Amino acid sequence: MPTFYLDDKPVEFQEGQTILQAAMAAGTEIPHYCYHDALSVVATCRQCLVDITDLGNGKGLPKLATSCSTQAAAGMKVSSTNQKVRDGQNIINELLLVNHPLDCPICDQSGECDLQNYAFRYGTGHSEMAYEKRTYGWRDVGTFIMLERNRCIHCSRCERFSMEIEGHHDFGHFLRTHELTFDTYKDHQITHKFQGNLADLCPVGAITEREFRFKKRAWKLERTPSVCPGCSTGCNITVDHNDGKVERLKPRENKDVNQWWMCDEGRLTYRKANDKTLRLTEPLARVKGALVPAAWNALLEAVAGKVKDLSASGDQVVAVADLDSTLEELFLLKNLLAGAFGSGQFFAPHAPESAAPAGARFLETLITPDKTPNAQGAKLLGFQSEAGNKGMEKALGKAKVVFVLGAPEASPALLNAARKAELVVQVAAYRSEWFDMADVILPALTWTEKYGTWANKQRRVQALRQAVNGPGEARDPLRILPDLMRALGQEASFAPAPDVLDRLAKGEKKFAGVSWKVVGQQGFTLA
Amino acid sequence: MLKETLLLAKNIRTDGYDGSLEAYRRAGGYTALEKVMKSMTPDQVIEVVKASGLRGRGGAGFPTGMKWGFIPKDRKPTYMVCNADEAEPGTFKDHFLINNDPHLFLEGMILGSYAIGCNHGYIYIRGRSVRPAQRINEAIEYLYKAGLLGKNILGSGFSLDLTVHRGAGAYICGEETALLESLEGKRGQPRVKPPFPATHGYNACPTSVNNVETLACVPFIVKEGAEAFKKIGTPNNYGTRLVGISGHAAKPGIYEVAMGVSMKQIINDLGGGVRGGKKLKAVIPGGSSSNVLRPEEIDIPFDFDSVAKAGSMLGTAALMLFDEDTDIVELAYRTILFYNHESCGQCTPCREGTFWLRNLVRDFRENLGDSQKLERIGRVSQQMFGTSLCALNDAAAGPIKAFVTKYPEEFKKHFI
Ligand SMILES: Cc1cc2nc3c(=O)[nH]c(=O)nc-3n(C[C@H](O)[C@H](O)[C@H](O)COP(=O)(O)O)c2cc1C
Ligand code: SF4
Ligand code: SF4
Ligand code: SF4
Ligand code: FES
């Protein structure tokens, strides 16, 4: 690969890469606002100025150049730190603050604001601007976002997203000079499904998420890499949390899955993660028709005793799993059924697959109609899944014991069939329509509270990581399932998700080669 | 006593000349075109223009032949665009040519189109310039009738259509890439370069943007040869300039001079000096984007290189004179007001810097100045210089910096 010199250090670059791209790839920060990997280059913020002292032909440039729009060339010598560059960075920073309200104390972006960060790193630290600042009026521009134009630094990322990525082009710029404003067309409210991305792209607090407004100071947030549970696309995300509470979900870049984006519906799934009203927090047993709290150990033993009394085996034992169960959980459930009962009756009800959305733009194909995060995984593990499956209804009709993992989507017919069983044991995080028929409820952790993997629609295995602790007595299904197995007389003990995944990879041909390590932060696509 | 050197204004200075096609042809017009259509290849036209050393008259002084040479030969269509926007304050030379002798630059434009392989050219002119636009349209109509435009011009096989495009009137639309955006029907604001218009111009096709006066030089060069052109002017600054004298001049107007003659003489001999016998306080030599010169700095040759050496810019050769009664602060304020108003706003230094400078200069105008503010004007204009996407930013910052450095005493008069 050809090399150029950035601050006297050799940096390799690919043909066509700009100085900024090559520097970022090499881990050197050059401050910038308008440049974004996903968007066209406009070179208007001028924050990324560098000094090209040698173009590679012995001649330098008299003026500073924008590193976002200048391609690297072999032998080029570039300074991003000399006095000339510092002066350039300073004046751009100072000028950006000329009309900026500096209302950081009440700005949601504070703490994760490029303007704030660069002002500290590259600014002079004081202002000599003593005039009335330009102000814009209030505008209500979107159902999911807030626009505070006084904070806008006119980088045009929002407009380019609307034009180049989202496609509606309903964000644009109006007027000119210092009155230039980024806005929607008159009275137009943005209603599309990807508004949150505008807030992510906006380098300052001009566009923020309504949902996050005044909720949390950004610097308090811890960010745990995870996967969105909203649909079988499995957008890579971070779960941003503080004090045991999930505050928001943000997309995490994955070129092969969601690029830089996620949908607003996906963002809102964080609400359920915090839900208290439907959450199951203690083990429950049905006594005289009503579910009453019970102790974990006693309850597990009671389940084992009841199973023994029923002397259920083979097809009399059926498992029904939710498609947000992790691969590891499904694997253990399958083992439980096969090992303790010799049963192969495991199901994961699934709505009929509708056609994948088509469209020329990547974003048009992002959201999958299948709203479950691990349908492919269940299928690959041999869970029977078609909805309206008469086999499933029939199997349930014959069942004495039913294990329910999560809250599988079920038709009334299916629920009625299950109701006939002698014992229904549910391992779940939330109340659902299964609540009324379960004899035993074992409270489980939800996706933000545990480790595990899901396989998305591309059969890409992606990892969830624990961000917060579960409530009350809720336990990890990876612990509940072995405990159940042990109570039922099998040898089993808790193993963390990576270990279960290793066993799964060995035991299931279709998962050959998968491991926690290869899954990493970007996932692993099955052969 | 300095006299005019008539190259472009020769017809116009002839009594009774009305600028019609007939009159132009009678004066030898379109013989360059005939010559080229009969006996010259496009490359030969580019070569002769290159050899003449012709430099652009739109402001930047870039060699025209070289610009045409950048147009790739293997990509079609290519476009010739004539920049007739003429928005630079103080400038009225292009409209002088258009109104009085439109065929001169049109012939140059046809020659240039032939040279770069363009079959459809555009003339971009601001919407407010109603009469000049009409004038060009009339001239074009006659050219079609005479077979000098349209299909198969003079039986050469070369075809060319010309369209006048009237802009909505923003100064920034004179900047060539903003002009192209506007021509494409978009908001007029400059594009990031590279790619340059020569490869990605109008509709992303190879395009050459040329000023009216630049194109008007071409027929002479083609007809008389590069050497004849180089006999006028000084090395690297060949040909004449149409100097637009305005301000407190006794005889304002357009004067054509050979490049390199004394600027002082132009002012005194042609412009008649300062009107009313007043003393000269300041001269802006090349439109409002060029730095002001003090009276003691004006005894220089009037050409690209000499004016640049004096710390200013030949620009559009719009010489503005200011007499002893002029308030330089007022002049500075109007200048920054203009650039602030005309900034397209997309880049930070220009959008915010012109706003801030405008506020600072206004303080002096309202007698609220102080030494700190004076220093601040100098610092901000100095630092913002050279940091933006197009030249408008520098056209604002440079002159403001020049006003405060060259006329501090004027600003001090407005201290609080
Ligand atoms: C802000 C700005 C305004 C300009 N306005 C004009 C104009 O009105 N007419 C013009 O010919 N060139 C104008 N220019 C220069 C053009 O960008 C371009 O350099 C010129 O049209 C090229 O023609 P030339 O090579 O024949 O000079 C302007 C440049 C800037 C930066
Ligand atoms: S609203 Fe945000 S993204 Fe849009 S131009 Fe302003 S700062 Fe940039
Ligand atoms: S597209 Fe699907 S996976 Fe991605 S954010 Fe939306 S719901 Fe979540
Ligand atoms: S320098 Fe000014 S006019 Fe030119 S692109 Fe930048 S903001 Fe627009
Ligand atoms: S990042 Fe280069 S100009 Fe904005």
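1. A crossing of two helices is called right-handed if the near helix is turned clockwise from the far one by less than a right angle, and left-handed if anticlockwise. In this predicted model, the crossing of H8(A) and H13(A) is right-handed. The two elements, helix H8 (residues 296-310) and helix H13 (residues 477-487) of chain A, pack with their axes 9 Å apart and at an angle of about 50°, and they are therefore oblique to each other.

2. The contact between these helices brings Trp296(A), Leu300(A), Val303(A) and Ala304(A) of H8(A) against Ile480(A), Asp483(A), Leu484(A) and Ala487(A) of H13(A). By class, the residues of the contact of H8(A) with H13(A) are seven nonpolar, no polar and one charged.

3. H13(A) also packs against helix H9 (residues 327-341) of chain A, where the axes come within 9 Å and cross at roughly 10°; since angles under 35 degrees count as roughly parallel, H9(A) and H13(A) are described in that way. On the H9(A) side the contact is made by Glu328(A), Glu329(A), Leu332(A), Leu333(A), Asn335(A) and Leu336(A), and on the H13(A) side by Pro477(A), Leu478(A), Leu481(A), Pro482(A), Leu484(A) and Met485(A). The contact of H9(A) with H13(A) has nine nonpolar, one polar and two charged residues. Leu484(A) deserves a remark, in that this residue of H13(A) takes part in the contact with H8(A) and also in the contact with H9(A).

4. A further helix pair joins the two chains: helix H2 (residues 83-98) of chain A and helix H15 (residues 371-384) of chain B pack at an angle of about 115°, with their axes 9 Å apart. The crossing of H2(A) and H15(B) is left-handed. Ile91(A), Glu94(A) and Leu95(A) of H2(A) make this contact with Arg379(B), Gln383(B) and Met384(B) of H15(B), and the residues involved divide into three nonpolar, one polar and two charged.

5. Within chain B, seven of the eight residues of helix H5 (residues 93-100) are buried, so this helix is largely enclosed by the rest of the structure. The buried residues of H5(B) are Lys93(B), Asp94(B), His95(B), Phe96(B), Leu97(B), Ile98(B) and Asn99(B).

6. Which residues does Trp261(A) touch, leaving aside those up to four places away in sequence? This tryptophan is found in the loop between strand S12 (245-251) and helix H6 (264-268) of chain A, and it is buried, with a relative accessible area of 1%. With that exclusion, Trp261(A) touches Ala38(A), Phe161(A), Ile165(A), Asn197(A), Leu201(A), Cys235(A), Pro251(A), Phe362(A), Leu363(A) and Leu366(A). Trp261(A) and Val307(A), for their part, are 46 residues apart in sequence and 48 Å apart in space, C-alpha to C-alpha.

7. Ser110(A) lies in the loop between H2 and helix H3 (114-122) of chain A. Its relative accessibility is 6%, and Ser110(A) therefore counts as buried, the cut-off being under 20%. Not counting residues up to four places away in sequence, Ser110(A) touches Cys104(A), Gln116(A), Arg217(A), Ala218(A) and Trp219(A).

8. On the cysteines, a search of the whole structure finds zero disulfides over all chains. Cys217(B) is accordingly in no disulfide, and the nearest cysteine sulfur, that of Cys82(B), is 12 Å away, whereas a disulfide needs the two sulfur atoms within 2.5 Å. Cys217(B) is buried, with a relative accessible area of 0%, and Cys390(B) is buried as well, with a relative accessible area of 15%.

Technical notes. Residues are numbered from 1 along each chain as its sequence is written. Chains are lettered from A and ligands numbered from 1 in the order in which they are written. This is a predicted model: local features need pLDDT of at least 70, side-chain atom pairs count only at pLDDT 80 or more; totals for chains, interfaces and linings use all residues. Side-chain values use heavy atoms; hydrogens and water are left out. Buried means under 20% relative accessible area, exposed over 50%, partly exposed in between (1.4 Å probe, protein chains only). Axes are lines fitted to C-alpha atoms, for helices over the stretch in contact, and angles run from 0 to 180 degrees between N-to-C directions. Helices (H or I, at least four residues) and strands (E, at least two) are DSSP runs, numbered from the N terminus. Angles under 35 degrees count as roughly parallel, over 145 as roughly antiparallel, 65 to 115 as roughly perpendicular and the rest as oblique. Contact means heavy atoms within 4.5 Å. Ala, Val, Leu, Ile, Met, Phe, Trp, Tyr, Cys and Pro count as nonpolar, Asp, Glu, Lys and Arg as charged, and the others, Gly among them, as polar.
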